[in-house]
Amino acid sequence: MYKAMSRRAGTALAVVVPLTLLATACGISNDDAGSSEPTNPTTAERSYPLNHMKKGMTIAFVPKQLGGNLYLEAASKGGKGVVEKLASTFKEVGTTDSTDTSGQAEYIDQLTNEGVDAIAVSAQDPEALCSALKRAMDKGIAVITYDSDTRPECRNVFVSPADTDELTFKLVQSLAEQIDYKGDIAILSASRNATNQNTWIRSMKEDLATDPRYTHINLVTVAYGDDKDNESYQLTGSLLKQYPNLKGIISPTTIGVKAAARYLSGSPYKGKVRLTGLGTPNDMRPYVKDGTVQSVELWDPTELGKLAAWTAASLVSKKITGREGQAFRATGGEFVTLKTNGVVNLGEPTVFTIKNIDQYNF
């Protein structure tokens, strides 16, 4: 069996507990939050998650970009709703530039000096924020990352939007089918240092290199639009001119895929160069309906923000420490279990096509 499929088999068990689709999972009792051997929660425990959490917390979100990114805004909205349900204070600070890592670190230091209870950060860079985040943890502040991670030692828990192997497998497979498994393709990414983007790109490259079905697909370049609409739009045009035989583009960023779709939709390349990636249904609906794009996929960013907030609250309330095997109560009262390196997955993303895209509103 070739390597790519072996990786799928290896990760099949890793996605047994997708949060948004969670029906059953292992959990822990309220008195046993530190145990590495979770027990099944009782019906009463599932029904009253708010009763077992600390009140009066201050939980701060630090997105990669403040303003101009509907995906991150939706995540913050989800987090705010959870924090307010917990009778606690929600804060959001950050830089308006998705590549300003020094600015993001300064905001983390500011929150540390204020003495907030928890910081949830979508990291612009896996290394550059570590010193600031460690200073926060040294002060007893709970630190989680969501959407984009740092090194594991720089936070308590990473709330991952999806399992990497499953996500990238679907993206590559979708584009491969659309171009009949042959031709030049490109990846249109966000910033060069974005942890999630680089993780997904490495996984896609591995799929392309190891799966024999992709032997005749050639990845010509990885381009970076820095999660800026105009730059991503212009970069799409540059790619098409630089690589006249380009058959398809994968853009694992909501801003990038929307910008690329907008360019293709008004160009002679519409219907000839295929595009897929990670996009919200509201952003991508016109391009799916006009035939520019056949499918995109994404998880609900509002649910990602909710899970990030619940994770932060669970750490502050001493329900978990971030150790593998621990479990905590999530948004709807479900229990979710931490995996290796303190990672919890939101769940499997939804694939949006012309058949179902009108069923979603985010």
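I began with strand 1 (residues 58-62), where four of the five residues are buried; buried means under 20% relative accessible area, exposed over 50% and partly exposed in between, with a 1.4 Å probe and protein chains only. Strands here are DSSP runs of E with at least two residues, helices are runs of H or I with at least four residues, and both are numbered from the N terminus.

A note on the source: this is a predicted model, in which local features need pLDDT of at least 70 and side-chain atom pairs count only at pLDDT 80 or more, while totals for chains, interfaces and linings use all residues. Residues are numbered from 1 along each chain as its sequence is written, and side-chain values use heavy atoms, with hydrogens and water left out.

**Entry: the whole chain**

I counted 11 helices and 14 strands. Of the 362 residues, 56% count as buried. I then looked at contacts (heavy atoms within 4.5 Å). Of those with a separation of 6 or more, 72% join residues 24 or more positions apart. The chain exposes about 14,700 Å², and carbon and sulfur atoms supply 49% of that; the areas come from the Shrake-Rupley method with a 1.4 Å probe, and for residues only the protein chains shown count as cover.

**Entry: partners of strand 1**

Which strands pair with strand 1 in the parallel sense? I found strand 2 (residues 89-92), over four bridges, and strand 3 (residues 118-121), also over four bridges. Two strands pair if DSSP finds at least two bridges between them. On the strand 2 side, Thr58 has Thr89 as its bridge partner. On the strand 3 side, Ala60 stands opposite Ile119.

I also traced strand 1, helix 3 and strand 2, which make a right-handed β-α-β unit. Right-handed means that, with the strands pointing away from the viewer, the path from the first strand over the helix to the second runs clockwise.

What is the strand order of the open sheet? I read 2-1-3-4-5-13, six strands with parallel pairing. Strand 2 and strand 13 are the edge strands, each pairing on one side only. The twist averages 20 degrees from one strand to the next; axes are lines fitted to C-alpha atoms, for helices over the stretch in contact, and angles run from 0 to 180 degrees between N-to-C directions.

Further along, strand 3 pairs with strand 4 (residues 142-146) in the parallel sense over four bridges. There, Val121 has Thr145 as its bridge partner. Helix 3 packs on the sheet, touching strand 1, strand 2 and strand 4, and its direction makes about 160 degrees with that of strand 2. Helix 4 (residues 101-114) lies across strand 1, strand 2 and strand 3, at about 165 degrees to strand 3.

**Entry: helix 10**

In helix 10 (residues 281-289), I listed Pro281, Asp283, Met284, Arg285, Tyr287 and Val288 as buried. The buried residues of this helix pack against helix 3 (70-85), helix 9 (254-265), strand 10 (296-298) and strand 14 (350-352). Just after helix 10, Gly291 takes a positive phi of about 85 degrees.

**Entry: two loop residues**

Asp180 is not a glycine, yet I found a positive phi of about 60 degrees there. Asp180 sits in the loop between helix 6 (164-178) and strand 6 (183-189). Is Asp180 buried or exposed? Asp180 counts as exposed, at 52% relative accessibility.

Asn341, also not a glycine, has a positive phi of about 60 degrees. I located Asn341 in the loop between strand 12 (335-337) and strand 13 (343-345). Asn341 is partly exposed, with a relative accessible area of 49%.
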